[in-house]
Amino acid sequence: MASDDPVWNMHRTDLVEAYEGTGLDSRTVLAQMPQRVKDGFLLDEVPWERFLLGHGPGEGLQVKRLLVQACSADPGTARRALDCLFRRLFTDYQVNASAPLLVPFLLRLGVVPATPWRADALGLAAAVARHGDYGATRDHFLVTAQPGLYFSCDGYLMTWTIEASRLAITADTRLLLPLLDDPAPDVRTAAADALATVLDHTDLITSALRDRLAAEQVPAVRAALILACAELTRSHPDPAVTAWIGTLWPDPDQTADVRIAAALAWLCLTDNPVPDDLRYMVGAFVTADADKAFDEVPWFTRNYGLLSTVRQLVYGRPFAYPVPALPATPSHRPLQRAEGH
């Protein structure tokens with residue numbers, strides 16, 4: 001770090017307003033990052049050390065080194081690097097200040113077909129654009145970022161960190177949209193997860209998600225596409241999208257995955273009491289033996305799986321692990337199963 005490089009004083013939170021819009025504001029740094037730096041992976045031109053707070057001497061550029069290793073053509077090296085980055089960027093469900101600087105590069109790793117672990121790179125970018133695990137309640141399940149000012153354990157303003165990550169994803173919207181049609185289902189899911197965090201272009205993205213849903217054949221990806229639409233609508237209210245989601249879950253002609261995802265989404269977009277029909281429908285599909293592929297849908301993964309999410313969100317039960325079965329519900333009309341179930 002150059003001697004004249006600005007330094008964040010983690011003990012002076014009263015100086016936050018003075019830092020706003022300066023070289024210590026990660027949102028400003030991301031907005032001013034030249035396109036050639038992102039596209040050319042010119043990592044030496046990124047001010048890593050300025051935002052690597054809380055790391056001791058000799059560790060300052062470890063994040064940069066791990067990013068270089070994540071670009072390796074060797075799957076093992078890339079996998080280990082991404083795992084290390086995840087652990088380093090998340091401490092006690094808090095996002096490290098350096099995280100937004102990686103987002104443009106992680107997105108580009110996800111675009112290159114020859115890159116190992118593309119979905120993991122995209123998933124990491126999406127993860128640092130959200131607050132940590134707040135539980136699967138109607139008030140939190142689809143909330144991208146909580147309002148207010150939050151500081152991470154490194155002393156930096158995590159509110160800025162998350163907004164900067166979202167701005168970086170927003171700037172690369174057109175890079176991500178083609179990934180909704182990628183041959184790999186996990187990449188399609190990860191792209192939807194990332195696009196759900198954007199701060200602009202929501203009409204364009206929602207339209208693309210709905211178009212993909214009409215063609216999508218993989219049940220878990222269909223669920224992700226609906227939840228991405230719903231998260232965008234939670235951040236940027238659109239009554240038309242809420243109404244559309246509200247037509248999906250009661251429709252017996254829809255597959256189970258669509259109805260389950262739409263039911264959970266609709267609950268988070270409305271204040272309506274949980275209808276008996278919705279609870280019966282969910283209970284008919286979601287059991288301890290339900291397809292574990294749905295646990296890998298990012299929205300469920302963040303809440304310890306589909307069963308745990310439904311138990312909290314639909315039945316209002318507190319989180320518990322191991323996850324108990326759902327409360328018993330009376331039998332009801334049969335639910336159409338998703339393909340493969």
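What covers the buried residues of helix 18? What covers them includes helix 15, helix 16 and helix 17 (298-301), and the sections below take up that helix together with several other elements.

## Basis of the description

This is a predicted model, in which local features need pLDDT of at least 70 and side-chain atom pairs count only at pLDDT 80 or more, whereas totals for chains, interfaces and linings use all residues. Residues are numbered from 1 along each chain as its sequence is written, and side-chain values use heavy atoms, with hydrogens and water left out.

Helices are DSSP runs (H or I, at least four residues), numbered from the N terminus.

## Enclosed helices

Helix 18 (residues 306-313) has 8 of its 8 residues buried (under 20% relative accessible area, with exposed set at over 50% and partly exposed in between, for a 1.4 Å probe and protein chains only), so helix 18 is largely enclosed by the rest of the structure. The buried residues are Leu-306, Leu-307, Ser-308, Thr-309, Val-310, Arg-311, Gln-312 and Leu-313.

Helix 9 (residues 158-171) has 14 residues and reaches 20 Å from its first C-alpha to its last, close to the 20 Å expected at 1.5 Å a residue, where the expected span is 1.5 Å times one less than the number of residues.

## Helix 15 against helix 16

Two packed helices are described by the angle between their axes and the distance between the axes. Helix 15 (residues 256-269) and helix 16 (residues 276-285) pack at about 135°, with axes 10 Å apart; the axes are lines fitted to C-alpha atoms over the stretch in contact, and angles run from 0 to 180 degrees between N-to-C directions. The two helices are therefore oblique to each other, given that angles under 35 degrees count as roughly parallel, over 145 as roughly antiparallel, 65 to 115 as roughly perpendicular and the rest as oblique.

Helix 15 passes helix 16 in a left-handed crossing, that is, with the near helix turned anticlockwise from the far one by less than a right angle. The contact (heavy atoms within 4.5 Å) is made by Ala-256, Arg-259, Ile-260, Ala-263, Trp-266 and Leu-267 of helix 15 and by Leu-278, Met-281, Val-282 and Phe-285 of helix 16. By class, this contact has 9 nonpolar, no polar and 1 charged residues, with Ala, Val, Leu, Ile, Met, Phe, Trp, Tyr, Cys and Pro counted as nonpolar, Asp, Glu, Lys and Arg as charged, and the others, Gly among them, as polar.

## Two further helix pairs

The axes of helix 13 (residues 219-235) and helix 14 (residues 239-248) come within 10 Å and cross at roughly 145°, in a left-handed crossing. Ile-226, Cys-229, Ala-230 and Thr-233 of helix 13 meet Val-241, Thr-242, Trp-244, Ile-245 and Leu-248 of helix 14, and the residues of this contact divide into 7 nonpolar, 2 polar and no charged.

Helix 7 and helix 8 pack at an angle of about 155°, with their axes 8 Å apart, which makes helix 7 roughly antiparallel to helix 8. The crossing of helix 7 past helix 8 is left-handed. The contact is made by Val-103, Leu-106, Leu-107, Leu-109, Gly-110 and Val-111 of helix 7 and by Arg-118, Ala-121, Leu-122, Leu-124 and Ala-125 of helix 8, a set that divides into 9 nonpolar, 1 polar and 1 charged.

## Loop residues and backbone features

Trp-117 lies in the loop between helix 7 (99-111) and helix 8 (118-127), and its phi is near 60°, a positive value in a residue other than glycine; at 35% relative accessibility, Trp-117 counts as partly exposed. Tyr-304, in the loop between helix 17 and helix 18, has a positive phi of about 65° although it is not a glycine, and Tyr-304 is partly exposed, with a relative accessible area of 41%. In the segment after helix 18, where Pro-322 is found, the peptide bond from Tyr-321 to Pro-322 is cis, with omega near 0°.

Val-128, in the loop between helix 8 and helix 9, counts as buried at 1% relative accessibility. Leaving aside neighbours within four places in sequence, Val-128 is in contact with Leu-89, Phe-90, Val-95, Ala-99, Val-103, Thr-161, Ile-162 and Ser-165.
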